[in-house]
Amino acid sequence: MTDAPDRQVKRDASVIVARDPNGKVAVLTTEFPQHGGDYLFLPGGRREPGETPGQCARRELREEAGVTAKTWRSLGSYAITLQSTARIHLYLAEGLTCGPQQLTPSEENFTLMWWSMSDAIQAAAEGRFLLQGGPLALLLVQQTTSV
């Protein structure tokens, strides 16, 4: 499949499964009125100009969850939609150090929670996540760590 010549190149994004030593994962929630209510999502967001996907993941985890990680593992890179050249880069972050969230004004209502992997997977199965990257990342972590 080729891109149409006038198709705009979109910025890639990174999504992170931040897992603590007890197997709890960082889950965020906020209201999305345009989608009809509160939804769950994992830390992540769009790359800034000049950032690599890994740098984006580290920045987004620090800003949205107040977390830094010693260990990072790529879970793969996937197309976001057929209409865009942007990709979503998924990561597992472990060896966590928690600090204060560094939320931007548009993120000020983000609530951070720590959930068991099974509860997060159940929420994904119930359609409680707004975006597809979070559930995919959770399933990939569950698959790779239960083998």
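## Close-up views of a predicted model

**View 1. Strand 2 and strand 7 are antiparallel and are joined by six bridges.** This is a predicted model, in which local features need pLDDT of at least 70, side-chain atom pairs count only at pLDDT 80 or more, and totals for chains, interfaces and linings use all residues. Residues are numbered from 1 along each chain as its sequence is written, and side-chain values use heavy atoms, with hydrogens and water left out. Strands (E, at least two residues) and helices (H or I, at least four) are DSSP runs, numbered from the N terminus. Two strands pair if DSSP finds at least two bridges between them. Val27 has Met113 of strand 7 as its bridge partner. Beyond residues up to four places away in sequence, Val27 touches Leu40, Phe41, Leu42, Thr111, Leu112, Met113, Trp115 and Ala120; contact means heavy atoms within 4.5 Å.

**View 2. An open sheet of three strands has the order 3-2-7, with antiparallel pairing.** The edges are strand 3 (37-41) and strand 7 (111-116), each with a single partner strand, so one side of each has no neighbour in the sheet. On average, neighbouring strands of this sheet are turned by 35 degrees against each other, direction ignored. Helix 2 packs on the sheet and touches strand 2, strand 3 and strand 7; the direction of helix 2 makes about 110 degrees with that of strand 7. Axes are lines fitted to C-alpha atoms, for helices over the stretch in contact, and angles run from 0 to 180 degrees between N-to-C directions.

**View 3. Strand 1 is largely enclosed by the rest of the structure, because six of its six residues are buried.** Buried means under 20% relative accessible area, exposed over 50%, and partly exposed in between (1.4 Å probe, protein chains only). Ala13, Val15 and Val17 are buried on one side of strand 1, and Ser14, Ile16 and Ala18 on the other. Three bridges link strand 1 to strand 4 in an antiparallel pairing, where Ser14 stands opposite Gly45. With strand 6 the pairing is parallel and has six bridges; there, Ile16 has Tyr91 as its bridge partner.

**View 4. Gly45 lies in strand 4 (residues 44-46).** Gly45 counts as buried, at 18% relative accessibility. Apart from neighbours within four places in sequence, Gly45 is in contact with Asp12, Ala13, Ser14, Cys56 and Glu60. Thr29 is 16 residues from Gly45 in sequence and 14 Å from Gly45 in space, C-alpha to C-alpha.

**View 5. Helix 1 is mostly covered, with 10 of its 13 residues buried.** The buried residues are Pro53, Gly54, Cys56, Ala57, Arg59, Glu60, Leu61, Glu63, Glu64 and Ala65. At 1.5 Å a residue, helix 1 should span 18 Å, and its end C-alpha atoms are 17 Å apart, which agrees; the expected span is 1.5 Å times one less than the number of residues. Glu60 is in helix 1 (residues 53-65) and has a relative accessible area of 5%. Not counting residues up to four places away in sequence, Glu60 touches Ile16, Gly44, Gly45, Arg46, Ala65 and Glu107. Just after helix 1, Gly66 takes a positive phi of about 70 degrees.

**View 6. Glu51 lies in the loop between strand 4 and helix 1.** At 12% relative accessibility, Glu51 counts as buried. Its side chain reaches the backbone nitrogen of Glu48 at 2.8 Å. Leaving aside neighbours within four places in sequence, Glu51 is in contact with Arg46, Cys56 and Arg59.

View 7. In helix 3, the residues Gly133, Gly134, Pro135, Ala137, Leu138 and Val141 are buried. Their cover includes strand 1 (13-18), strand 2 (24-32), strand 5 (67-79), strand 6 (87-98) and helix 2 (117-125).

**View 8. The largest nonpolar core has 19 residues, of which Val17, Val25, Val27, Leu42, Met117 and Leu138 touch the most other members.** A nonpolar core is a set of buried Ala, Val, Leu, Ile, Met, Phe, Trp, Tyr and Cys residues joined through side-chain atoms within 4.5 Å. At least two residues of this core come from each of strand 1, strand 2, strand 6, helix 2 and helix 3. Helix 2 gives the most, with four residues. A second, separate core of 12 residues includes Leu61, Ala65, Ala69 and Trp72.

Key:
A polar contact is a pair of N or O atoms within 3.5 Å; within protein, one must be able to donate a hydrogen and the other to accept it, and residues adjacent in sequence count only if both atoms are side-chain atoms.
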